[in-house]
Amino acid sequence: MLDAATVSMILGGIRDSFYMLIFSTVISYVIGLPLGVALIVTDKDGIHPLPLFNAILGFVINLLRSVPFLILLFLVMPFTQFVVGTSFGVKATIVPLIISAAPYIARLVESSFKEIDRGVIEAAQSMGASSWQIITKVILPESKPSLIVGSVIAATTILGYSAMAGVVGGGGLGDIAIRYGYYRYQEDLMYICVILLLIIVQIIQEVGMRIATKSDKRIS
Amino acid sequence: MSQPIIKIEHLYKDYPSKNGPMNALSDINLEINSGEIFGIIGLSGAGKSTLVRCINFLEKPTGGTVIFDGQDLGKMSNKELCKARQSMGMIFQQFNLLMQRTALQNICFPMEIAGINKEQAKKRALELLELVDMSDKADSYPAQLSGGQKQRVAIARALATNPKVLLCDEATSALDPKTTRAILSLLKDISSRLNITVVIITHEMSVIEEICQRVAIIDNHVIAETGKVSDIFSSPKHPATKRLVYSDEQKSNIDFAQASCYRLTFDGTSSFEPIISNMVMECKTPVNILAADTRNIDGEAFGRMVIQIPDSPNGINRSRVLAYLAEKNIHVEEVDSCLTQPL
């Protein structure tokens, strides 16, 4: 059953899955990380409290997070069409993935930042650090290990969502599992895809945690 | 002493709360002179941590002025304030070191903020590590250091930008007594060597005794008493001060609840004289020593003693002893209900 065509199709699926995973994760962080910083900085106990801005931002983030991904996928199709010129395939999946993952990442990094001791930030303020210096020299570097752990969680979640995009012909391993395994009853193919996804998740988890532990200087 | 480096006038601080503003500090007036070691003591909740944060404007006062080195902090822009803070180092009870940076990098941190170039910063950081006796720990992370070592790094970090003032917020409260003494003597040494003004916030009288020259007692959001440590120690006036000065002896929990107990206070001149033994011989009466304590404050010896004088029916014994003590210029105070007022 594993002829050359199937193997090359699965390899293509792995490539597509990684393509979606890496692209969406990177762009989601480019959007989500500053949002998370904005959340923590403008918090009422933050270094630059802006209660109204904080409440609005928090509301928008919650709004986006409360839409189930599968529904979001259809909901943003016109927008996707507008941005990437197509509403299906690998490229088209990246758009809803980012819309879904960026607010999720904003919350993830916000919780990482909250782990920093308030006293350390106060110490930086007592040295005359500006808000920008506190963000770049205290908040981000001090939460690095936690941010890495968060990125592992985000990446595995995005991989899971990207597999869901198979429903709309999104490409990747999830797409193969649904088209061949589910619609055409080739269960063996479905299992292969699921096992491959499982292996990818395991690798991301293992490597990510190792990097996080190694980078954490609190553990002597 | 020279002119004040920190001058606080009519300072008020309120915190907003559900039931209207909550008062944390009320009409605080203080002058801290350049080069001195000044203590601010009070029980927890008295407002001393708020007060020290008002000195560097980490907390903005609700009213009043804070003049640092001739400049009104309240009239400064944010940028000027950041600049002024670089002339005020601060250390904390919980050290507040950056956990992801080595000791050396922690000391470089305030210099990065001040925009000093890397080479110069590193050179200065190494000198400071030497000053606090931590040269061998330059590349250790805070998690690998003991409490005392962390505070040494924090002190070096606070000194990095050559501040004029070092603010210490309960800097020794998380340390054991031996380490506390070592850190205090380091602070004393730094103050005299670099001519830095040190402001010490604490709830422990022993810390004040050990290194401060002057002290302010803060009680219930106001300054109860200010003065030379030796004066405050020998004749505390305010009830809050008495509580603090006599607090150490309270721990011994001896029951002095008996009549004719007297507390004697010796000043620097008399504590090396065998007063009690002379008194016993002169007055031909035995006394019962219930508690005694001598300390060295800023180079002068101070003693306190609680004695019980057995009274003869006509009261002649007691009056003879009291007359003798008065002649020797020793401050005598009758102690009544002694559980609340020992030694």
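This is a predicted model: local features need pLDDT of at least 70, side-chain atom pairs count only at pLDDT 80 or more; totals for chains, interfaces and linings use all residues.
## A quick tour of chains A and B

The side chain of T42(A) reaches the backbone oxygen of A38(A) at 2.7 Å.

**Around T42(A)**

- T42(A) sits in the loop between α1 (4-41) and α2 (51-66) of chain A.
- With a relative accessibility of 6%, T42(A) counts as buried, because the cut-off for buried is under 20%.
- Not counting residues up to four places away in sequence, T42(A) touches H48(A), P49(A), L50(A), P51(A), F53(A) and N54(A).

**A mostly covered helix in chain A**

- Helix α9 (residues 173-183) of chain A is mostly covered, with eight of its 11 residues buried.
- Among those buried residues of α9(A) are L173(A), D175(A), I176(A) and Y180(A).
- What does the covering? For the buried residues of α9(A), the cover includes α1, α8 (144-164) and α10 (187-215) of chain A.
- After α9(A) comes Y185(A), which has a positive phi, near 55 degrees.

**The nonpolar cores**

- The largest nonpolar core holds 86 residues, and those with the most contacts inside it are I6(B), I28(B), L30(B), L51(B) and L73(B).
- Helix α5 (residues 90-114) of chain A brings the largest share of this core, nine residues.
- A second, separate core has 53 residues, including I41(B), M134(B), C168(B) and V198(B).

**Where the chains meet**

- Chain B puts 23 residues into the contact, and chain A puts in 22 residues.
- About 2,000 Å² is buried between chain B and chain A, with carbon and sulfur atoms giving 59% of that area.
- On the chain B side, N96(B), Q100(B) and I113(B) lose the most area to chain A, together 31% of what that side buries.
- How many salt bridges are there between chain B and chain A? The count is two.
- E122(A) forms a salt bridge with R53(B), and their closest N and O atoms are 2.5 Å apart.
- Nine residue pairs are in polar contact across the interface of chain B and chain A.
- In chain B, α2 (78-85), β6 (88-92) and α3 (103-114) each supply at least two residues of the side that touches chain A.
- Of the elements on that side, α3(B) gives the most, with four residues.
- Sorted by class, the side of chain B that touches chain A has 13 nonpolar, five polar and five charged residues.

**A strand residue in chain B**

- A224(B) lies in strand β10 (residues 222-228) of chain B.
- The relative accessible area of A224(B) is 22%, so this residue is partly exposed.
- Leaving out residues up to four places away in sequence, A224(B) touches I217(B), I218(B), D219(B) and H238(B).
- A224(B) and A156(B) are 68 residues apart along the chain, and their C-alpha atoms are separated by 33 Å.

**Salt bridges**

- Side chains of opposite charge can pair when their charged atoms come close.
- Over all chains, a search of the whole structure finds 21 salt bridges.
- R214(B) forms a salt bridge with E36(B), the closest N and O atoms being 3.0 Å apart.
- R214(B) lies in strand β9 (residues 214-219) and E36(B) in the loop between β2 (22-33) and β3 (37-41) of chain B, so this pair ties together parts that are 178 residues apart in sequence.
- E36(B) is buried, with a relative accessible area of 1%.
- K164(B) pairs with D69(B) in a salt bridge whose closest N and O atoms are 2.6 Å apart.
- That pair links distant parts of the chain, 95 residues apart: K164(B) is in the loop between α5 (147-159) and β7 (165-169), and D69(B) is in the loop between β4 (63-68) and β5 (71-72) of chain B.
- K164(B) is partly exposed at 37% relative accessible area, and D69(B) is partly exposed at 36%.
- R263(B) and E333(B) also meet in a salt bridge, at 3.2 Å from N to O.
- R263(B) belongs to strand β11 (residues 261-266) and E333(B) to strand β14 (residues 331-335) of chain B, 70 residues apart.
- Buried or partly exposed? R263(B) is buried, with a relative accessible area of 1%, whereas E333(B) is partly exposed, with 22%.
- Salt bridges that share partners join R107(A), E110(A) and K114(A) into one network.

Terms used: Residues are numbered from 1 along each chain as its sequence is written. Chains are lettered from A and ligands numbered from 1 in the order in which they are written. Side-chain values use heavy atoms; hydrogens and water are left out. A nonpolar core is a set of buried Ala, Val, Leu, Ile, Met, Phe, Trp, Tyr and Cys residues joined through side-chain atoms within 4.5 Å. Buried means under 20% relative accessible area, exposed over 50%, partly exposed in between (1.4 Å probe, protein chains only). Contact means heavy atoms within 4.5 Å. Buried area is the accessible area (1.4 Å probe) that two parts lose on being put together, summed over both. A salt bridge is a side-chain nitrogen of Lys or Arg within 4 Å of a carboxyl oxygen of Asp or Glu. A polar contact is a pair of N or O atoms within 3.5 Å; within protein, one must be able to donate a hydrogen and the other to accept it, and residues adjacent in sequence count only if both atoms are side-chain atoms. Ala, Val, Leu, Ile, Met, Phe, Trp, Tyr, Cys and Pro count as nonpolar, Asp, Glu, Lys and Arg as charged, and the others, Gly among them, as polar.
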